[in-house]
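Subject: Structure handover

Hello,

Please find the structure below, followed by notes on what was found in it.

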Amino acid sequence: MQMRRLGDGLVVSAIGLGCMGMTECYGECDEGDAAATINRALDLGVTLIDTSDMYDRGHNEEIVGRAIRGRRDDVVLATKFGHVRDESGAMVGVCGKADYLRRCCEASLKRLGIDVIDLYYQHRVDRDTPIEETVGAMAELVAEGKVRHLGLSEAGAATIRKACAVHPIAALQSEYSLWTRDVEGEILDTCRELGVGLVPYAPLGRGFLAGRFSGPGDLAGDDWRPTLPRYAAENAERNAHLAATVKAKADAKGCSSAQLCLAWVLAQGEDVVPIPGTKHIEYLEQNVAAVDVALTAEDLAELDALFPKGVAAGDRYHPKGMLGLGI
């Protein structure tokens, strides 16, 4: 496994594993299958394992914690705080207040069964709490030995700059893929100026660009994706040609669609570490093999031309969710 550096000292595998779909959003998953997938990832040299306290209201962290028991030294464990959910699971807001995040950290440590979180993200920026207050409180957790490195998710350039003035930020986690290139320009330029790595989530377009489904009719009834504008029937039909374009290019390169998508993300810089999510060992192994797919300058130029900013039909999230991006 190739290794990459996030920030000024966090060394991780070039590809990580996102665990959100192991408990919700993408249909059912057995805990045994989730643990087997996580352990296979570790066997393959994947070190960055990503979860959050909001995934299934903490249940995801519990599953991840049990899966890595006995293998803690093999893992760079990332989790997040900030999304607030009520007892029904509904999203009710975002909180970056110092006392709240401290409670979140303690709860995550307990659920994960660990003494220190390797990479702790603010999951979304709280408009009502100065980022200096939030990152200042996160920095106290570092000083106390409960957290090693700090991260932000879906933050804008100005927020990243203010945060870095308080404490070094190792990584920005944001959606980034062939059809979601929002971070390019000011946000990515700011990250690179300040030495902040980029951790793309949904690098396969939540499976759509990998050809794993073509529309809402292909997904289980409890799958979350059809509720998102980009995957709704009318937009999925309009976006089908994008998945077909990826497949044609992948066939020409002798790799899978997923591997082509990941190879493109990996080629965007040594400071970029995608975290494709999966609960299937077969897909995991395909994803990890993407590190060996070499794209030429001509390949990259062609893909850039075929997938410019704004190429996808439909927003990433519903309107309320879009308001939480790039703050």
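Leaving aside neighbours within four places in sequence, L17 is in contact (heavy atoms within 4.5 Å) with M22, T37, I38, A41, V46, L48, I49, D50, I275, P276, T278 and L284.

Before going on, note that this is a predicted model, in which local features need pLDDT of at least 70 and side-chain atom pairs count only at pLDDT 80 or more, while totals for chains, interfaces and linings use all residues. Residues are numbered from 1 along each chain as its sequence is written, and side-chain values use heavy atoms, with hydrogens and water left out.

The core

L17, I49 and L172 have the most contacts inside the largest nonpolar core, which has 103 residues. Such a core is a set of buried Ala, Val, Leu, Ile, Met, Phe, Trp, Tyr and Cys residues joined through side-chain atoms within 4.5 Å. Buried means under 20% relative accessible area, exposed over 50%, and partly exposed in between (1.4 Å probe, protein chains only). Helix α8 (residues 257-266) gives the most to this core, with eight residues. Helices (H or I, at least four residues) and strands (E, at least two) are DSSP runs, numbered from the N terminus.

The sheet

Seven strands form an open sheet with parallel pairing, in the order β3-β4-β5-β8-β9-β10-β11. Two strands pair if DSSP finds at least two bridges between them. The edges are β3 (17-18) and β11 (197-201), each with a single partner strand, so one side of each has no neighbour in the sheet. β9 (residues 147-153) and β10 (residues 171-175) pair in the parallel sense over three bridges. L152 stands opposite L172 in β10.

Helix α7

The buried residues of α7 include N239, L242 and K249, and what covers the buried residues of this helix includes α8 and α10 (297-306). After α7 comes G254, whose phi is positive, near 75 degrees.

Salt bridges

There are 27 salt bridges in the structure, each a side-chain nitrogen of Lys or Arg within 4 Å of a carboxyl oxygen of Asp or Glu. One of them joins E302 and K249, with the closest N and O atoms 2.7 Å apart. E302 lies in helix α10 and K249 in helix α7, so this pair ties together parts that are 53 residues apart in sequence. E302 is partly exposed, at 37% relative accessible area, whereas K249 counts as buried at 13%. R102, E106, E140, E144 and K146 are linked in a network of salt bridges.

Regards
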